[in-house]
Every structure is written in structure tokens, then in C-alpha cells.
Amino acid sequence: MAGEQVTLLDFWSSPFGMRVRIALAEKGVKYEYSEQDLRNKSDLLLQMNPVHKKIPVLVHDGKPVCESLIIVQYIDEVWKEKAPLLPSDPYERARSRFWADFVDKKMYDFGRKIWTTKGEDQEVAKKDFIDSLKLLEGELGDKPYFGGETLGFVDVALLPFYCWFYAYETIGNFNIEADCPKLIAYCKRCLQKESVSKSLKDPRKVYDFVVMLRKMLGHE
């Protein structure tokens with residue numbers, strides 16, 4: 001679509017923002033990236049997302065779209081000529097949305113609990129996190145991607161958390177691959193796609209960022 005303006009308001013380590021980056025890369029959409037200071041929110045961010053005041057926000061020709069999975073669906077509908085992310089079959093589409101919603105409800109909260117708690121609470125968070133990954137591993141089965149043969153909606157929802165796994169493992173002192181080898185093999189395979197590898201951040205930089213957050217929140 002010639003002449004259109006696409007801007008992404010984002011924060012470098014956000015797994016939710018990475019979802020949008022992967023989707024835009026898959027579709028080959030050129031966009032302007034606008035890094036946001038989440039401790040000193042810009043007028044633009046507050047104007048474009050006055051309800052939640054959060055990133056990511058996709059601004060398409062001046063119109064804001066908020067919430068990462070809603071943005072990914074919007075991208076899939078607007079730039080539908082290339083790399084469909086959601087299946088055309090209504091039932092398969094519903095299944096994709098179910099598992100993406102599962103990722104939304106489990107990964108971030110359980111992951112955050114791992115790095116913000118200690119002792120018994122952290123052990124519970126680690127178990128909940130691994131149990132959720134095992135359910136995802138069961139759904140993936142032997143397929144290359146969650147939706148079948150091509151990268152799709154559930155993959156876009158889940159893969160950004162992979163670059164946070166190192167932080168969870170290091171702080172929680174556990175090994176995800178030991179419990180979920182198929183899922184980790186799948187993540188590594190997906191990283192061979194440029195749309196994924198260029199959208200995800202260095203796990204060690206994410207770890208350093210989490211360590212800084214822990215100190216700020218008094219969890220050290």
C-alpha cells in the first residue's frame with residue numbers, strides 16, 4: 001500500500017512488542033520504530049493509547065491500534081496478500097486464538113513471578129510455568145509450527161518469550177530444555193527465520209535488564 005505511514009510505539013525488551021515486529025517482518029511491511037521511555041511516557045503514547053497507556057501501539061495512517069494480539073490480527077487482515085498468520089477455516093482460526101490467549105494468560109504472569117519471588121512462591125511459579133509449556137508442547141506435537149507448515153498466530157504470540165527464558169532459568173535456577181526439549185527445539189528452529197531472529201532480542205541483554213528491574217523493585 002503505497003504512501004501509507006506505519007509507526008510502532010514500542011520498548012526494546014517487550015515480548016508483546018516483539019510479536020508485532022515479527023508480524024510486520026513476515027508481511028514485509030516497512031515501518032518507523034519509536035522507542036518509548038516507559039517511566040516517562042511520551043505525549044504521543046498517551047495520545048495514541050489513552051486507555052491503557054501501554055506499548056505496543058501500531059499507528060497506521062494516524063489511527064492507533066492497541067494490544068499486541070489485536071495488532072497482530074489487524075496486520076494479518078490489512079496486509080493479507082502475504083504470509084497469512086491466521087487460518088481461513090473458522091474452527092482452526094478459533095483454535096489459534098484459544099492457544100494465543102493461553103500464552104497471553106500464562107507466560108508473562110508466571111515468568112514475572114519467577115523473577116519477582118523467592119523460596120516456595122518461586123518454586124510454585126516455576127512449576128506453573130513448566131506445566132504451561134508442557135501443554136503447549138502437547139499442542140505443537142510433531143508439527144513444524146503450531147498452525148502446521150507455516151509460521152502463524154500462535155507462534156507469533158509465543159516466540160518472543162523465548163528470549164526471556166534465559167533470565168527465568170538463571171534467576172530461578174532451573175532448565176526449561178530438560179522438561180520441554182521439543183518446545184526448545186521448535187524455538188531454535190523458528191530462530192532460523194529472519195523475521196523471528198531479527199525481531200527477538202539477545203537473551204543476555206534481557207537478563208541484564210531483568211536484574212536491573214529486580215534491584216529497582218527491591219527483589220535483590
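This is a predicted model: local features need pLDDT of at least 70, side-chain atom pairs count only at pLDDT 80 or more; totals for chains, interfaces and linings use all residues.
Student: What volume does the largest pocket have?
Tutor: About 840 Å³ of space lies in it.

Student: How many residues line the largest pocket, and which lie nearest its centre?
Tutor: The lining has 28 residues. Nearest the centre are Phe11, Leu38, Ile55, Tyr108 and Phe209.

Student: Which elements give two or more residues to that lining?
Tutor: Four helices do: helix 1 (15–27), helix 3 (68–78), helix 4 (90–116) and helix 11 (203–216).

Student: And which domains does the lining draw on?
Tutor: Domain 1 (6–78) and domain 2 (90–217) each provide at least three residues.

Student: How many of the lining residues are nonpolar, polar or charged?
Tutor: For the largest pocket, 16 are nonpolar, nine are charged and three are polar.

Student: Switching to the second largest pocket. What is its volume?
Tutor: The second largest pocket comes out at about 270 Å³.

Student: Which residues lie nearest its centre?
Tutor: Pro87, Ser96, Phe146, Gly147 and Gly148, out of a lining of 20 residues.

Student: Which element supplies the largest share of that lining?
Tutor: Helix 4, with four residues. Helix 6 (153–158) also supplies at least two.

Conventions. Residues are numbered from 1 along each chain as its sequence is written. Side-chain values use heavy atoms; hydrogens and water are left out. On a 1 Å grid over the protein atoms alone, a cavity is a set of points where a 1.4 Å probe fits but cannot get out, and a pocket is an open set with protein on both sides within 12 Å along at least five of seven lines; lining residues have an atom within 4 Å of a point. Grid points are joined across faces, edges and corners, and a volume is the space filled by probe spheres set on the points. Ala, Val, Leu, Ile, Met, Phe, Trp, Tyr, Cys and Pro count as nonpolar, Asp, Glu, Lys and Arg as charged, and the others, Gly among them, as polar. Domain bounds come from an automatic or database domain assignment.
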